[in-house]
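Please open the model in your viewer and keep the sequence panel beside it, as this tour moves from one selection to the next and says what can be found at each stop.

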Amino acid sequence: MNKSSIELNDHLDYHYIHRSNWLRATVLGANDGILSTASLAIGVAAASDLREPVILATLAGLVAGALSMAAGEYVSVSSQTDIENADIEREKIELEEMPELELQMLASIYENRGLKKETALIVAKELTEKDALAAHIRDELGINEISQANPIQAAMASGAAFTLGGILPFLVTLFLPLKSLEYSIYGFSILFLMLLGAFSAKAGGSNIGKAILRITFWGTVAMGLTALVGYFFNVTL
């Protein structure tokens with residue numbers, strides 16, 4: 001490998017877009033796990049004088065949430081994949097039936113991106129000669145390896161992340177004193193969310209403070225509103 005290739009690879013290492021699929025699924029799952037499990041626990045703890053209902057409700061929410069998250073992620077990503085595959089099949093037909101029109105469309109795309117008309121046509125012809133379908137999938141449909149997601153991978157990542165996130169507030173319900181348990185759950189959950197925000201920002205190369213502020217604010221809103229439900233109905237479990 002020559003020096004320029006090494007420098008190019010080193011430069012690409014500073015970009016994080018290739019992590020977007022698994023990072024999105026992981027952060028979404030963990031955030032939902034912490035937030036929904038903690039919110040449920042806080043709501044029940046605010047209306048209960050016993051630990052058992054809190055533990056039972058939290059555990060049930062953790063299991064149901066993890067399965068729901070995995071299933072939902074699988075279905076949503078599968079739907080996206082189905083649409084992409086259908087568009088690719090349509091593009092294959094169009095390339096067979098109207099190759100000249102597709103060539104002009106590709107050239108028009110490059111021209112709109114800033115190339116001169118003659119240059120755009122040359123680029124379109126050369127890419128078409130190499131792999132016409134790949135060129136149209138990438139530049140006309142906007143589908144690439146980074147944006148494509150694997151349904152199984154996304155489901156497993158989200159389900160596992162939800163479980164790991166949900167276990168944290170669940171442990172608080174097991175071991176922290178029952179008195180003012182809802183405040184303990186809230187405090188520790190905010191800490192867990194802050195750590196998750198820092199991790200996501202670090203993994204994605206973004207601003208850590210902004211990520212922590214965003215995730216903490218919405219976590220506070222969600223858990224606070226859920227606690228109000230328990231107090232509002234003044235139910236003793």
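Begin with the largest pocket, whose lining takes at least two residues from each of H2, H7 and H8. These names follow the numbering from the N terminus of DSSP runs, where a helix is H or I over at least four residues and a strand is E over at least two. A pocket, on a 1 Å grid over the protein atoms alone, is an open set of points where a 1.4 Å probe fits, with protein on both sides within 12 Å along at least five of seven lines, and its lining residues have an atom within 4 Å of a point.

Before going further, note that this is a predicted model, in which local features need pLDDT of at least 70 and side-chain atom pairs count only at pLDDT 80 or more, while totals for chains, interfaces and linings use all residues. Residues are numbered from 1 along each chain as its sequence is written, and side-chain values use heavy atoms, with hydrogens and water left out.

**Stop 1: the pocket and Val27**

The largest pocket holds about 220 Å³ of space, a volume counted as the space filled by probe spheres set on grid points that are joined across faces, edges and corners. Select Val27, Ser200, Ala201, Ala211 and Arg214, which are the closest to the pocket's centre of the 12 residues that line it. Stay with Val27, which is found in helix H2 and is buried at a relative accessible area of 18% (buried means under 20%, exposed over 50%, and partly exposed in between, with a 1.4 Å probe and protein chains only). Leaving out residues up to four places away in sequence, Val27 touches Leu196 and Ser200, where a contact means heavy atoms within 4.5 Å. Which distance separates Val27 and Gly197 in space, C-alpha to C-alpha? Val27 and Gly197 lie 8.3 Å apart, although 170 residues separate them in sequence.

**Stop 2: the nonpolar cores**

Now select Ile34, Val54, Leu181, Ile185, Leu193, Leu196 and Met223, which touch the most other members among the 20 residues of the largest nonpolar core. Such a core is a set of buried Ala, Val, Leu, Ile, Met, Phe, Trp, Tyr and Cys residues joined through side-chain atoms within 4.5 Å. Helix H2 (20–46), helix H3 (51–97), helix H6 (151–175), H7 and helix H8 (208–233) each supply at least two of its residues, and the largest share, eight residues, comes from H2. Centre the view on Ile34, whose contacts, not counting residues up to four places away in sequence, include Gly165, Pro169, Phe192 and Leu193. A second, separate core of eight residues can be found by selecting, among others, Leu103, Leu106, Ile109 and Ala120.

**Stop 3: the aromatic pairs**

The structure holds two aromatic pairs, a pair being rings of Phe, Tyr or Trp (its six-membered ring) with centres within 6.5 Å, called stacked if the planes are under 30 degrees apart, edge-to-face if over 60, and tilted otherwise. Select Phe188 and Phe192, a tilted pair at 6.2 Å centre to centre with 40 degrees between the planes. They are separated by about one helical turn because they are four residues apart in helix H7 (residues 181–204). Phe188 is partly exposed at 36% relative accessibility, whereas Phe192 is buried at 15%. Then select Phe217 and Trp218, whose ring centres are 5.0 Å apart and whose planes stand at 80 degrees, so this pair is edge-to-face.
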